[in-house]
Amino acid sequence: PGLAGSPAIALEVVALLQQIGLHMPPNPCFNPYRRPLVVPKNGWRGIKIDHAEPEKNVICKCEKVTEAEILDAIHRKLEVRSTQAVRKRTRAGMGHCQAEFCESRVAKLLARETKTPIKQVPRRPWPASSFLPRRWLTDAEKESLRQRVPPPP
């Protein structure tokens, strides 16, 4: 099940935990109607890259995520300290360029808003998201892989 199944799964887990005796009083502070982080856009109408107003300043061009959306994510209750955390909440960096354009822009916003030196802002760790030690293979590595794969019949 994907994201759409999450609420039903959560209700089932709560019921199972209650059946085994776990007492879970409702959280009076819980708000099930939080405003969304991702705001639908009407194409590029009214927004652009390097606009002075945060609501109109596009940080991620592939997903059209604005500076205001990223600032909203950073300043919500759940801590956001890395470009990956921003990515998961706003989709900034999930487009076809895979953050080649926007990751440095998101990092600058994080550094400014959290008063963290830019070099200390955690970014996407390439080796952690791949079995490869770096993004591009060398010619020698490509040849080594070719030798390991049997030729087509």
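This section describes the sheet, the helices and selected residues of a predicted model. Local features were considered at pLDDT of at least 70 and side-chain atom pairs only at pLDDT 80 or more, whereas totals for chains, interfaces and linings use all residues. Residues are numbered from 1 along each chain as its sequence is written, and side-chain values use heavy atoms, with hydrogens and water left out.

Helices (H or I, at least four residues) and strands (E, at least two) are DSSP runs numbered from the N terminus. The model contains an open sheet of 3 strands in the order E1-E2-E3, with mixed pairing; two strands are taken to pair if DSSP finds at least two bridges between them. Strand E1 (48–49) and strand E3 (65–66) form the edges, each pairing on one side only. Helix H4 (residues 103–114) packs on this sheet and touches E1 and E2, its direction making about 115 degrees with that of E2. Such angles run from 0 to 180 degrees between N-to-C directions, and axes are lines fitted to C-alpha atoms, for helices over the stretch in contact. Strand E2 (residues 57–60) runs antiparallel to E3, and 2 bridges join them. Within this pairing, Val 58 has Thr 66 of E3 as its bridge partner.

The axes of helix H2 (residues 67–74) and H3 come within 10 Å and cross at roughly 110 degrees. H2 is therefore roughly perpendicular to H3, a class covering 65 to 115 degrees (under 35 degrees counts as roughly parallel, over 145 as roughly antiparallel and the rest as oblique).

H2 is mostly covered, with 7 of its 8 residues buried (buried is under 20% relative accessible area, exposed over 50% and partly exposed in between, with a 1.4 Å probe and protein chains only). The buried residues of H2 pack against E2, E3, H3 and H4. One of them is Glu 67, with a relative accessible area of 9%. The side chain of Glu 67 makes a polar contact with that of Arg 112 (3.1 Å); a polar contact is a pair of N or O atoms within 3.5 Å, of which, within protein, one must be able to donate a hydrogen and the other to accept it, and residues adjacent in sequence count only if both atoms are side-chain atoms. Beyond its neighbours within four places in sequence, Glu 67 is in contact with Pro 54, Asn 57, Ile 59, Leu 109 and Arg 112.

Thr 83 belongs to helix H3 (residues 83–90) and is buried at a relative accessible area of 5%. Its side chain makes a polar contact with the side chain of Glu 103 (2.9 Å). Leaving aside neighbours within four places in sequence, the contacts of Thr 83 include Val 106, Ala 107, Leu 110 and Val 121.

Two loop residues other than glycine have positive phi values. Asp 50, in the loop between E1 and E2, has phi near 65 degrees and is exposed, with a relative accessible area of 58%. Arg 91, in the loop between H3 and H4, has phi of about 80 degrees and is partly exposed at 36% relative accessibility.

Methods: Contact = heavy atoms within 4.5 Å.
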